[in-house]
Amino acid sequence: MLLWATILVLLAGGAIAWLAEAWNKDLPRWVSVGSIVIAGLLMVPLFVSTPQTVLLADTESEWLAVSSSTWIPRFGITLLVGIDGLSLLMVALTLLLGVVAVASSWSEIDYRPGFFQFNLMWTLAGVVGVFVALDLFLFFLFWEVMLIPMYFLIAIWGHEERGYAAMKFFLFTQVSGLLMLVSIVALVLVHHSNSGVLTFNYFDLLGIPISEGVAFYLMLGFFIAFVVKLPGFPFHTWLPDAHTQAPTAASVLLAGILLKTGAYGLIRFTVPLFPGAAIEIAQFAMVLGVVGIIYGAILAFAQTDFKRLVAYSSVSHMGFVLLGVYAWNELTLQGSVMQMVAHGLSTAALFMLAGALQHRLHTRDMSKMGGLWQDMPRMGAIAMFFFVASLGMPGLGNFVGEFLVLLGAFKVNIVITVIASIGLISAAIYALIAMQKVFQGAPTAGRALNDLDTREVLVMVLMMLGLVGLGMYPQPVFDLVDPVLASLYEFSGAAEGTQGAWTGDGQ
Amino acid sequence: MSAAELYVLLPVIVLSGTICVLLLAIAFARNFNVSVVISVLGLLTTLATIPLVLAAGPTQVTPLIRVDAFGLMFTGLILLACLAVSLLAFDYFRNRGELQDEFFVLLLSSALGGAILTMSTHFAAFILGLELLGVSLYAMISYPAKGLSSLEAALKYLILSGVSSAFILFGIALVFAITGTMDFATLKNFAGVEAPDQGYGLMLMAGFAMLLAGVMFKLSLVPFHMWTPDVYEGAPAPVTAFVATVSKGAIFAVLLRFMWTTRFYEYEAVLAGLSMVAIASMLVGNLLALLQDNVKRVLAYSSIAHLGYLLVALIAGGVTGGKELAVEASSVFLVAYFITTLGAFGVVSAMSHDELERDADMLVAYQGLVWRRPLLALVFSAMLLSLAGIPLTVGFIGKFYLFIAGVDSQMWVLIATLIVGSGIGLYYYLRIIFTMISRPGDVVTDGVSPLTSSWVVVTLTVVLVWLGVYPTPLIALITEMIDSLV
């Protein structure tokens, strides 16, 4: 019930924000912030509550909260939602970046701020739904529903090519989503013909016997949907357009949390539902991950558009996540989750900086920038921090994520790991070059620019603290997600007996 | 005919009575408002008789008609659609000249034809209903007689529809020549059985093929779809809504009953043919919709594609023998299609105020609509998202059923085409939505949204979302309906 309350608070907040526009142009933003905070407070008890044990296909797993009620009995569809450590971490990230997104839209959006906040809040609600839904039908519903407000955000408030970018974003995700729907339906019908029970319940569908060939195709439906969202090479082409054209707040949400739904789906659904088939495709997926890492880095290096550069760097960083998920051992999974959180924070911050630059300079073209540190020292220093975080400086969250992925993947495939680690070097190249082009060099004379204001600095400091915390003391995050990863790992290993032994030796 | 048989015919009788009352009222004193009130009251009364008749249980009335839950549910759907159309027509025709009363006579007699179609179990009743529906429609399409385009549309429909009726009649004649019966229930004895003489079997198949070709014309399936965009564009918006829903829905209902009762699924050649038609409709409809700048034409091509989708559900019944699932899936999809299509054309109708030369069907008229007339834009967006099959709308439930039916019968080629079609479809639906949310240009003569039409489309939107979020009542109703089929 708590989970539904959270989602409803976000939905209602969006609706109220829309209505509030009629009274006052500033009110919608406050409504948004208020409802995100309320949603966050609702989540607090979960951090301290004791987990309940749920039987996950003969393997016990721990859930912090589970709630279910009937919905469409004809197909055994229920309103089953549940939250465990992994989901909680993702929801927390979602709400945090929600506040960041609202803050970044504070002075940027003048046109219909109420409707803007409405779409923002409904995107958040959809994403939270994705992270907690445990009925596959419900999951699919949230998966699709979060697209529409995001489409509106890009299509109404985006930059010059917004129509094209919004359309591309929607088409890619929707069509790949339909493939997943076919897989879901087929999985349910396979289970139906085995057992005579029609259900979309995640727990019931785990570990059902599926013949090998069928399982592979079903897995492929899920895999494509999630890899498009992640995005993995070669399905990434929607991302640079969508991220570049979106308004700052939408870029923050896209890069910060929407991409993570893809990674979450792989960890939660694709591999546990089809462990055998996942092994078949593991090598291929890892290669895709590495190609993404290198390809994203090279293209990031070639960009002149600041947002496009950050967008391609996302492709590169999410390659590590894909690599980590399909190397599928304790270290790489921890690394992937850490990378998801750290990348969420650092990229969101970089997109905010891009937004702040565009707001002041009315361009994203880096060749027209240069020497900005002189004009805006605070922004320069903050940008330096996040670029350095993004290139994987030890001591910050991104390093922990990428390092763990590489460490774990080394045990699985040495060649791939060696190539992947080149990504760390190339990240340094494009990040530092961007830093040089934008902030260093001779300043243009006669340019009066306002440095970041208190609100912006406050948000930035919040994210800096987050990254430092993740980098210096990542243990709380691991404590939160380890039991989940362990049970998923154990389950998929136990089901096939072909996975390596669960080492359980911590970090 | 016994009293019980007369009693179950109550919906048909009340509807016919309403037509007589309306005709008399027009003959004595012409008053547009009175005509509307009579039609609406008549439709409501007819709707009210349905639960009464439903309680009486399935009854065969003469060999021609069977009154059962299946027929009654589709009759109810048709009547509700007619109610929506008459309310839309009230706003649309109110200020367009003097002689608008007869429109409602035509509308009601069309509805009567549709009702008879949904209940027919015999080729005679089938033809009766078909022609009653069709002949009234010719006049409705050309009703305003304002411009050439509606006249052209009506003429086109008249000629092509006449030809297709001829096809159907000849098909029936061939079937009758072989089997000696026009009764659906007797026809089932011939299903799957090879006729002793090869020539006779061929003749039977030719008969069915001609019959189906005629039906496909009425359903605007490829390759019999040519009339659709022109008629949709030329007809007044409320009539377009009627053509898209009632006329197709009634014929689809009789097709469902025909395939069910005659065990038509056992003719494999028929299923193969239908599959090809379904694939062609999904692809051609969606691809041609991409090229349109006219909202009515976009919706016309999209309806061709949607009938293709509907056919997927219908065919699914043949492959594993899951007839129940096939009927359930296509009924749910059809209900979704009714709600969505009525809503979409309702918006076009509400936009088309009487000072305009033509209906507000060009895409330009919708630029920035969200900011100019938020209510209509919101409704239209909901309808378009439902057509695209996005969750939380009833259109998604319909599409979900298609996937269930398609996967259950393992028709992967049809499923793949469905996905491709939906992907293409998204593009042109989103293009309309994008036009509506782009900032308004320097438009336009902008009327006030007519009140009645606004209520109609808002109600449809509420139903659309309600059934999209909680489809259980609809599913329960339809499963109950299937039990009544024999």
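Modeller: Helices (H or I, at least four residues) and strands (E, at least two) are DSSP runs, numbered from the N terminus. By that count chain B has 20 helices and two strands, while chain A comes to 20 helices and six strands.

Colleague: What kind of model is this, and how are residues and chains labelled?

Modeller: This is a predicted model, in which local features need pLDDT of at least 70 and side-chain atom pairs count only at pLDDT 80 or more, while totals for chains, interfaces and linings use all residues. Residues are numbered from 1 along each chain as its sequence is written, and chains are lettered from A and ligands numbered from 1 in the order in which they are written.

Colleague: What share of the residues is buried in chain A, and what share in chain B?

Modeller: Count the other C-beta atoms, placed from the backbone, within 10 Å of a residue's own: 20 or more is buried, 12 or fewer is exposed, and in between is partly exposed. Buried residues make up 60% of chain A and 57% of chain B.

Colleague: Which parts of chain A touch chain B?

Modeller: Two residues are in contact if their C-beta atoms lie within 7 Å. On that basis 23 residues of chain A are in contact with 20 residues of chain B. Helices α5 (136-145), α6 (147-157) and α7 (162-195) of chain A each supply at least two residues to that side, and α7(A) gives the most, 13 residues. For residue classes, Ala, Val, Leu, Ile, Met, Phe, Trp, Tyr, Cys and Pro count as nonpolar, Asp, Glu, Lys and Arg as charged, and the others, Gly among them, as polar. The side of chain A that touches chain B divides into 19 nonpolar, two polar and two charged residues.

Colleague: At what angle do helices α11 and α14 of chain B cross?

Modeller: Axes are lines fitted to C-alpha atoms, for helices over the stretch in contact, and angles run from 0 to 180 degrees between N-to-C directions. The axes of α11(B) (residues 237-261) and α14(B) (residues 323-351) come within 8 Å and cross at roughly 170°. That makes α11(B) roughly antiparallel to α14(B), a label for angles over 145 degrees. The residues of this contact divide into 13 nonpolar, seven polar and one charged. Among them, B:Phe252, B:Leu256 and B:Trp260 belong to α11(B), and B:Leu334, B:Phe338 and B:Phe345 to α14(B).

Colleague: How far does helix α9 of chain A reach, and what covers its buried residues?

Modeller: The expected span of a helix is 1.5 Å times one less than its number of residues. Helix α9(A) (residues 212-229) has 18 residues and reaches 26 Å from first to last C-alpha, close to the expected 26 Å. Its buried residues include A:Leu218, A:Phe222 and A:Phe226. Their cover includes α7, α11 (248-273) and α12 (275-302) of chain A.

Colleague: Is A:Trp328, a residue with positive phi, buried or exposed?

Modeller: A:Trp328, with phi near 50°, is buried, with 27 other C-beta atoms within 10 Å. A:Trp328 sits in the loop between α13 (306-327) and α14 (330-361) of chain A. B:Thr62 also has a positive phi, about 55°, but counts as partly exposed, with 13 C-beta neighbours inside 10 Å.

Notes. Parallel < 35°, antiparallel > 145°, perpendicular 65-115°, else oblique.
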